[in-house]
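Thanks for coming. I'll go through a few items on this one, so please have a look at the sequence and the model first.

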Amino acid sequence: LQGIFVLGLPYALLHSGYSGLLLIVLAAALCCYTGKILIACLYEENEDGQLIRVRDTYEDIANACCKKLSPSLGGVVVNVTQVVELIMTCILYLVASGNLLSHSFPYVPVTEKTWSVIAFVTLLPCIFIRTLKIVSKLSQLCSLVHFVIIFVVITYCLTQMHQWSWAKFRLSLEFEDFLVSVGVIIFSYTSQIFLPTLEGNMKNPGEFRCMLNWTHFFACILKTTFALTAFLTWGEKTKEVITDNLPSFLETLVNLCLLTKALLSYPLPFFAATEIVYSCVSKDNHSNYRSPLLALTVRSSFLLLTLLMAMFTPHFALLMGLSGSVTGAAMTFLLPSLFHLKLQWKKLSFLEKCADISVFILGFLCSLAGIVCSIKGLLEVFG
């Protein structure tokens, strides 16, 4: 739940003002809600009224919704959407690693792309990751590094409390800048792709809803505190990535921490993407690699693909924004609400139906606005 997007939250407040604080809370509530309804789609009631897990993945949910139209159409659409988003995320981590290394060692005569290759070499062991347990250990280390970064930034900001002023918040907003803020805030919470696998691997799946409530609650508190203290410290001088505002000695330290975080973050989306593809090309259970050579080939191909795209894709940030507006909004808002309505319409109350429809409309509007802004940016670049 705590991604690199968090570092852009103070900048989002610069363009959204007081409404940005409300958006941070609202986004937490909405993402928590769509996570719950997505998991609810995995279950059906048996003859005794007990909930039984009859589906295992996002793909299974989609296939169940589209089975009258085509038995596998829904799964194909969901898998393609998931893989695109996961690959783009992996590439983003690789690009970010090269950028951070370049800024951390500016006197070394090495280009940013070369630094990306060096970062890629450290990620080669990812092709041997076969279980979610290894990924979870790396994710724990990633979370620890993340908290170190947040702690350093907030501690520095607290030393500058004497210059804080609420007058720094903007009252007038520009629509396009506000949309950028919405995108940054919402996509700092997205995790729906991983939730079915996460819930299925919990020792006590009954605690999933409680876990989701507390993680989103603490994420909301942490993000609000971080964004607020950083923005009050730098105001109109707040940069897109808040670490660029830090003094040079702290900036280098935090950049190295960010590099560590980016490299530790890479295995989770990489593992998820390769699992999806392997399960599609293999008739065996996707969690049981009965064909080690095929699994190794899939993982190696994906690893190489992320490097090539990071090296040779022009204007990657704009393309990331475009794909994120489509895949991110779809996986986080559109599909969970649509699937929930489709599979459990008869069991839902009037208010639950209204909530799902409202989330779907909101997700559609966010996606449409993001697509328009991204295409406009691409047209200006190639103009």
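How many salt bridges does a search of the whole structure find? The search finds four, a salt bridge being a side-chain nitrogen of Lys or Arg within 4 Å of a carboxyl oxygen of Asp or Glu. Before going on, the conditions: this is a predicted model, local features need pLDDT of at least 70, side-chain atom pairs count only at pLDDT 80 or more, and totals for chains, interfaces and linings use all residues. Residues are numbered from 1 along each chain as its sequence is written, and side-chain values use heavy atoms, with hydrogens and water left out.

Glu44 sits in strand S1 (residues 43–45) and Arg55 in the loop between strand S2 (51–53) and helix H3 (58–65), eleven residues apart. Helices (H or I, at least four residues) and strands (E, at least two) are DSSP runs, numbered from the N terminus.

Next, a helix pair. The axes of H4 (residues 73–104) and H5 (residues 112–122) come within 8 Å and cross at roughly 115°; axes are lines fitted to C-alpha atoms, for helices over the stretch in contact, and angles run from 0 to 180 degrees between N-to-C directions.

Last, the surface. Leu338, Ile357, Phe360, Ile361, Phe364, Leu365, Leu368 and Val372 make a nonpolar patch of about 700 Å². Patch residues have over 30% relative accessible area and no salt bridge, with nonpolar side chains (Val, Leu, Ile, Met, Phe, Trp, Tyr) joined within 5 Å and like charges within 9 Å; accessible areas come from the Shrake-Rupley method with a 1.4 Å probe, and for residues only the protein chains shown count as cover. Helix H14 (residues 350–382) gives the largest share of the patch, seven residues.
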